[in-house]
Amino acid sequence: MKKRTYTDCSIASSDITPEQVFLNRRALIKASAGTMAGALSAPSIAAAEVRAQSTLSFSPDADRSLVDEQTPYDAVTTYNNFYEFGTDKSDPARHAHNMTTDPWTVKVGGLVNQPGSLHLEDLLSGFDLEERIYRFRCVEAWSMVVPWVGFPLAQLLKRLEPKAEGKFVEFKTLYRRGEMRGTRSFTSIIDWPYREGLRIDEALHPLTLLAVGLYGKTLPKQNGAPLRLVVPWKYGFKSIKSIVEINVTAKQPKTSWQMLQPSEYGFYANVNPEVDHPRWSQRFERKLPSSIFKPNRVPTLPFNGYAEQVAGLYQGMDLRKFY
Amino acid sequence: MLTKVTVPPWCATIAVITLYLLPLAQLAFQLASGDLGPDPAKRLMQGTGEWGLRGLAIVLLAAPLAQRGWRSLFRYRRVLGLSLFFYISLHLLLFAQVYVGWSGALLVEELKERPYVLVGFSAWLALLPLALTSTNRARRLLGPLWRQLHRLIYPATVLAWLHLFWLARSDLGEALVYGVVFAALLLWRLRRAQLRPR
């Protein structure tokens, strides 16, 4: 499957999908630049892009979905943090096509009775897919509303049969230097592969999703294809992308951002307007798309608006200390 | 043989300003045509900040080049300095508009709690008197003080670089490149000051 992604006009048109619809779109934008380009381009980009992904069958989970305006597909798929492909927001959409996602296997193990290797096909056919419309809040103080397609992580974990001593779940992202230019940067100080973790009760929470798609189609590579975590009440960096390994552990696993800068990034990383990050005030967020005249700054909610469902997990904990 | 160029000086000045402000024009055009993506503020902050830093490097490059006999850049230090101040002021205005929403309380909090905001703001503050005293009249009035005052560009450069360095999260590449360039330009001056008879 050849898939390239729209990012911006600095890419030569020869470098982009040869689809006729795509070229037409570019002509359309050029012709209307400065007038209605913003309004016109978004739906047509989405149309061209969606064609490159395959359709998933799923049922909407209205109970666990937001009733809120969804962030346009175009924004969700061109504004990403996926440092394996570079630190700029547009880098993943530009370079993630280099990542091979087929075939894909996920190694599952650690303190479980059913360790092994799972093929993506087994994961896709083994679980009923649901659509969940979630808030997504980045630690950098921007946010989106994304219709994910996936299944609860709890369903997978239960099949693995975690042992009683298993208290945490550890995740690792694919690390393939040849396909991930960001990991080849010799000024990067991240210790690859990217890793994340959850406490087992967080991992078993019904809101915690293993996503395989968004907007009804399989995940674009820049969004963490083919399989990623989505934990809607935590900052986005916890929602690890392109997972190749899941382990149940007894000790709290090391997580990438915490290893890099423990004073800035905690293990829990629950969205909390009361606990500031040294770089960004967490009291407000820019709900994307944002513009300079209408920044769309809205107050951030405790647990990203999911307090009712998840606050109980942290009863008695000092959330200033366990940030 | 070089022929004497007979372009009026104001024409050349306008050409220099235009050239240096071209990236801003490009950003403005991209903003108008919706090409800056879902978070245009971020791209504008990056663009104005980077061109402010590059402006500092260009202005600091003028003296070493002049010493080697290439005085063209030296002549345009004032307009370049003012233009880079314009970039940095836009950078600050954007911050006020998009990130703190013109809330004084929030700005104070940002300054107190986030060192990179504080050093960035200090760099702008250090450049402010230089922009205000850039007229010939101010230069005459201030006499020898003017030269001393305008040495504020050195701490401003260091602060601006610190601002960039503190913003780097996981990749230090950009901060390193600017660091090497600024260090070279500032060390050249240090060496010149030591060599100069007192």
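Predicted model: local features only at pLDDT ≥ 70, side-chain atom pairs only at ≥ 80, totals over all residues.
Residues are numbered from 1 along each chain as its sequence is written, chains are lettered from A and ligands numbered from 1 in the order in which they are written, and side-chain values use heavy atoms, with hydrogens and water left out.

Let's start with Q53(A). You'll find Q53(A) in the loop between α2 (37–52) and β1 (59–60) of chain A; helices (H or I, at least four residues) and strands (E, at least two) are DSSP runs, numbered from the N terminus. Is Q53(A) buried or exposed? With a relative accessible area of 6%, Q53(A) is buried. A polar atom of the Q53(A) side chain lies 3.0 Å from the backbone oxygen of T218(A), and one lies 3.3 Å from the backbone oxygen of L219(A).

Zooming out, chain A has nine helices and 13 strands, and 58% of its 323 residues are buried.

Now, salt bridges, meaning a side-chain nitrogen of Lys or Arg within 4 Å of a carboxyl oxygen of Asp or Glu. How many are there over all chains? The count comes to 21. One of them joins R132(A) and D61(A), at 3.0 Å from N to O. R132(A) sits in strand β4 (residues 130–137) and D61(A) in the loop between β1 and α3 (73–78), 71 residues apart. Both R132(A) and D61(A) are buried.

D68(A) and K287(A) also form a salt bridge, at 3.0 Å. Here D68(A) is partly exposed, with a relative accessible area of 29%, and K287(A) is partly exposed at 24%.

There is also a network of salt bridges that links D276(A) and R283(A) with E109(B), E110(B), E113(B) and R114(B).

Last stop, chain B. Its helix α9 (residues 153–167) has 15 residues. The buried residues in α9(B) are I153(B), A156(B), T157(B), A160(B), H163(B) and L164(B). Seen down the helix axis, they fall within an arc of 120°, so they line one face; the arc is that of the directions from the axis to the C-beta atoms.

Note on methods
Buried < 20%, exposed > 50% of the residue type's maximum accessible area, 1.4 Å probe, protein only. Expected span 1.5 Å × (residues − 1). Polar contact = N/O pair within 3.5 Å; in protein donor to acceptor, adjacent residues only side chain to side chain.
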